[in-house]
Amino acid sequence: MRWLIPAAGLVALTGCDVPSEFLQRMEDQSKYEYYEASDFWADGRAMRTPPAGTVPRERFDKLPELKDPVQRMSALTGRSNGQPLGNIPVQVDRQLLALGQKKYNIVCSQCHGVIGDGNSVVAENMSLRLPPSLLELEGKPAGHFYAAINEGYGVMPSFAGELDVRERWAVVAYVRALQAARNTRTDGQQPVPQENR
C-alpha cells in the first residue's frame, strides 16, 4: 500500500497542466540591469541613489577602530597594494575569537571540518574538489583567508552575504587560532610532524 501514495502523487503531477512560467517565476523577474535605461524615472536612469537612512551592507561602522581610509579599504578588501594583508587589521581579543568560532561553526565547518582539517560529512560527499585543510595553509597571509571568504576561491562561493566585514576577520582570527592550536602540546612534548599523524 505504501507505493500507492507516491504513485498517486505522480499521476496527479502528470495530469496537471501547469505552465513552467508558474513554477519558475522566480527565474524570470522584471528588473533593471546596471546602467540600463529606465522609462519610469524622469532622468532615464535605472540606477538610483539609495534613500536617506538606508544602511549599506558593507558599512564601515563594523570596524570603528579603523580611522584611516586607506586602512579601512584594505580591511574591506583584505588587500593592500594588490597583495593580501599579512596580519589581521582589527584587534584580536577574546570577544573577536568567540565571534569567529561561532561564525566558523555555522558557515565554514560543514566543509572545512570543526577543527579546520577538511574532514567533514559534506567534504566526504564532494566529488568535484575536496575543501582544503585550513591547518595546512598556515603559511598563507591573513588576507588570503579574508579574500577567499569575501570573493570565493576555486569552487567555494563568496560568503560575503553570510558574514559582514567584522565577522569575516573574526573567522580569519579563529582559523589562525586553530592553526596555532594544532602545534601546541600541553604535555611539554614537541608537536608530532604532520606526515606522522
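Helices here are DSSP runs of H or I with at least four residues, strands are E runs of at least two, and both are numbered from the N terminus. On that basis the chain follows the pattern α-α-α-β-β-α-α-α-α along its sequence. That gives seven helices and two strands.

The model is predicted: local features need pLDDT of at least 70, side-chain atom pairs count only at pLDDT 80 or more, and totals for chains, interfaces and linings use all residues. Residues are numbered from 1 along each chain as its sequence is written, and side-chain values use heavy atoms, with hydrogens and water left out.

Start with the whole chain. Of its 197 residues, 28% are buried. Buried means under 20% relative accessible area, exposed means over 50%, and partly exposed lies in between (1.4 Å probe, protein chains only). The chain exposes about 14200 Å², and carbon and sulfur atoms supply 57% of that area. Accessible areas come from the Shrake-Rupley method with a 1.4 Å probe; for residues, only the protein chains shown count as cover. A contact means heavy atoms within 4.5 Å. Among contacts with a separation of 6 or more, 53% join residues 24 or more positions apart.

Now the surface. Tyr 32 sits in the loop between α2 (20-23) and α3 (69-77). Tyr 32 counts as partly exposed because its relative accessible area is 44%. With Phe 40 and Trp 41, Tyr 32 forms a nonpolar surface patch of about 370 Å² accessible area together. Patch residues have over 30% relative accessible area and no salt bridge; nonpolar side chains (Val, Leu, Ile, Met, Phe, Trp, Tyr) are joined within 5 Å, like charges within 9 Å. A salt bridge puts a side-chain nitrogen of Lys or Arg within 4 Å of a carboxyl oxygen of Asp or Glu.

Next, the strands. Asn 81 lies in the loop between β1 (79-80) and β2 (83-84). Its relative accessibility is 79%, so Asn 81 is exposed. Asn 81 is not a glycine, yet it has a positive phi of about 55°. Most residues other than glycine have a negative phi.

Move on to the helices. Ala 98 belongs to helix α4 (residues 94-112). Ala 98 is partly exposed because its relative accessibility is 42%. Val 171 is 73 residues away along the chain, but the C-alpha atoms of Ala 98 and Val 171 are separated by 9.3 Å.

Finish at Arg 182, in helix α7 (residues 165-182). Arg 182 is buried because its relative accessible area is 18%. Its side chain makes a polar contact of 2.9 Å with that of Glu 136. A polar contact is a pair of N or O atoms within 3.5 Å; within protein, one must be able to donate a hydrogen and the other to accept it, and residues adjacent in sequence count only if both atoms are side-chain atoms.
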